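Please keep the structure open while going through them.

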Amino acid sequence: MPQTTVCRWLPQDPAAIEAFVSNLLEHSRIIHGRHPRTRERVAQVGENLETVTSRAGIRFDLGRLRHHYRITIGQAQVYTVRALHPIVQEFQDFIEREGVVYAAFNEMFEQAPPPQNEDQAKIEDYVDLMEMINTNLTTAPSFGEGVSAMVAAVPYYGIISRFCNTPAGYNAFTHPGVNERFCRVFTAWHDYLTSAASTNVIHDGEGGWLSTAALNAMVQSAGGNPEQDTFDNFFICDTSDPHYGFKSYDELFVRELKAIHRAVVFPDNPAIVNSACSSTIHKLYYDLKRTDRFWIKNTPYSLNHILAEDDLVDTFVSGTLIQAMLGSLDYHRWRSPVGGTVVKTHLISGATHPNPPPTYYAACLDDDHTDLDVVSRSQDFVTAISTRALIFIQADEPVGLMCFVGVGLGEVSTCNIAVREGQVLEKGDELGAFHFGGSTHCLIFQPGLTVTPIDQDGNDLVGSKVRVGKDILTIAKRT
């Protein structure tokens, strides 16, 4: 049996993912001057797409491409055929130049399961894939209701997911040269998501983040009741501004909760550990090993890999770890789960520190080829290979030394640490933030402690959605 997870990045029904990919693929082929069905080139770079579609007999509403182009309200809608961005063109050149990579990028299309709906367009080869990557470089995630919202929040993973659970895909997505180029792609995308141009998805129309459905979804994810609570009651914003005061998509993504909605439960009790993030608890794991076989299905955690051979690794051997996963609508800032003093911090790769690049889309291969969300099934595996922010805290007794581990997954891959060595923390102080998508995090404790989960409204902690600041664990010294 494949491992399951209590929280997901992609919907379990592959049809929802395939519909998203098919729609984006149709857009991408037209944007790059190719027929959406035959893939035949029908135009050259720079040609007006209105002229092109008319000449080629392609029936397509070009208004559907608006969010892929930097067109502001009131600006004339002119769509032209796009060339590959130099970063994406170099990525494609690398695939074609490196024999091992070229083989993997061809074989994974042969090994991947076919889409369930044969009438939908599917990604045929790495040329399709590179053009879709290129299309997304100037596209901020838009809001979608239900399962479509899950895919739209992590578009690159949605595109690539069908190939992750194949041997050739594993070889491709663990290749250092491939991940180096993904890092360049995501750095360029992150630049766009932090720019004013990305506010084109912050509006109150269909697919906009200020639509009633989107505002209600963000309130509900933060623990509110959309029938009673409003977005501006929960989050710091300026409703008099057309974009609610958010200067980019990223500013909306890392929106700040009002203090009352991130209040710490039992702030003065050092034996209580609070949730560092709004998240769904994935696993509570005891008796950590220094090194373990983290790549095996139903994987254990490997401390030496999670902590990147830090000199404090041995301090946590035989200790306890709790892991929780964030969804795309969750509050993405980290807040201290304990009171204490920052011992040190360490950022392990990522878009802002890309040497060496992280591994973005590798996952534990398993025999479930109907559920495409293989990375979510590999939560413990990714703690050893993805971008990580380590914050070691000397907490007040009885907790003692502990470590917060923020893990940026897939296209997220960006962790910002906001604290420094020697900084004194109170529970609830900001530690840092994730950017651009769903993520996961861990809290690691030393041996010699009894770590007991606190039930959440009568339900087991594991599997529960908890808000930031909620009480989740009790800690006691073993006698």
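For the residue classes used below, Ala, Val, Leu, Ile, Met, Phe, Trp, Tyr, Cys and Pro count as nonpolar, Asp, Glu, Lys and Arg as charged, and the others, Gly among them, as polar. The model is a predicted one, in which local features need pLDDT of at least 70 and side-chain atom pairs count only at pLDDT 80 or more, while totals for chains, interfaces and linings use all residues. Residues are numbered from 1 along each chain as its sequence is written, and side-chain values use heavy atoms, with hydrogens and water left out.

1. The largest cavity. The lining of the largest cavity divides into seven nonpolar, four polar and three charged residues. Its space amounts to about 110 Å³. Among the 14 lining residues, Ile-17, Glu-18, Val-21, Pro-115 and Arg-162 are the closest to the centre of this cavity. Helices α1 (14–31) and α7 each supply at least two residues of the lining. Here a cavity is a set of points, on a 1 Å grid over the protein atoms alone, where a 1.4 Å probe fits but cannot get out, and lining residues have an atom within 4 Å of a point. Grid points are joined across faces, edges and corners, and a volume is the space filled by probe spheres set on the points. By this rule there are seven cavities of 30 Å³ or more.

2. Helices α7 and α9. Helices (H or I, at least four residues) and strands (E, at least two) are DSSP runs, numbered from the N terminus. Helix α7 (residues 155–164) packs against helix α9 (residues 176–193) at an angle of about 150°, their axes being 12 Å apart. α7 is therefore roughly antiparallel to α9. Axes are lines fitted to C-alpha atoms, for helices over the stretch in contact, and angles run from 0 to 180 degrees between N-to-C directions. Angles under 35 degrees count as roughly parallel, over 145 as roughly antiparallel, 65 to 115 as roughly perpendicular and the rest as oblique. On the α7 side, Pro-155, Tyr-156 and Ile-160 meet Phe-182, Val-185, Phe-186 and Trp-189 of α9. This contact has seven nonpolar, no polar and no charged residues.

3. Helices α3 and α4. Between helix α3 (residues 86–97) and helix α4 (residues 99–111) the packing angle is about 100°, and the axes lie 5 Å apart. The two helices are therefore roughly perpendicular to each other. Phe-91, Phe-94, Ile-95, Glu-96 and Arg-97 of α3 make the contact with Gly-99, Val-101, Tyr-102 and Phe-105 of α4, where contact means heavy atoms within 4.5 Å. By class, six of these residues are nonpolar, one is polar and two are charged.

4. The eight-stranded sheet. An open sheet with antiparallel pairing has its eight strands in the order β9-β5-β6-β7-β11-β3-β2-β13. At its edges are β9 (424–425) and β13 (465–466), each pairing on one side only. Two strands pair if DSSP finds at least two bridges between them. Strand β2 (residues 279–285) and β13 are joined in the antiparallel sense by two bridges, and Thr-280 has Lys-465 of β13 as its bridge partner.

5. The three-stranded sheet. Another open, antiparallel sheet has the order β4-β10-β8. Because β4 (333–335) and β8 (414–417) stand at the edges with a single partner strand each, one side of each is left without a neighbour in the sheet. The twist from one strand to the next averages 20°. β8 runs antiparallel to strand β10 (residues 430–435), to which four bridges join it; Thr-414 stands opposite His-435 in β10.

6. Backbone points to check. Most residues other than glycine have a negative phi, and most peptide bonds are trans. Glu-397 and Pro-398 are joined by a cis peptide bond, with omega about 15°. Pro-398 belongs to the loop between β6 (387–395) and β7 (401–408). Glu-309, although not a glycine, has a positive phi of about 60°. Glu-309 is placed in the loop between α13 (303–306) and β3 (320–326).

Note on methods:
On a 1 Å grid over the protein atoms alone, a cavity is a set of points where a 1.4 Å probe fits but cannot get out, and a pocket is an open set with protein on both sides within 12 Å along at least five of seven lines; lining residues have an atom within 4 Å of a point.
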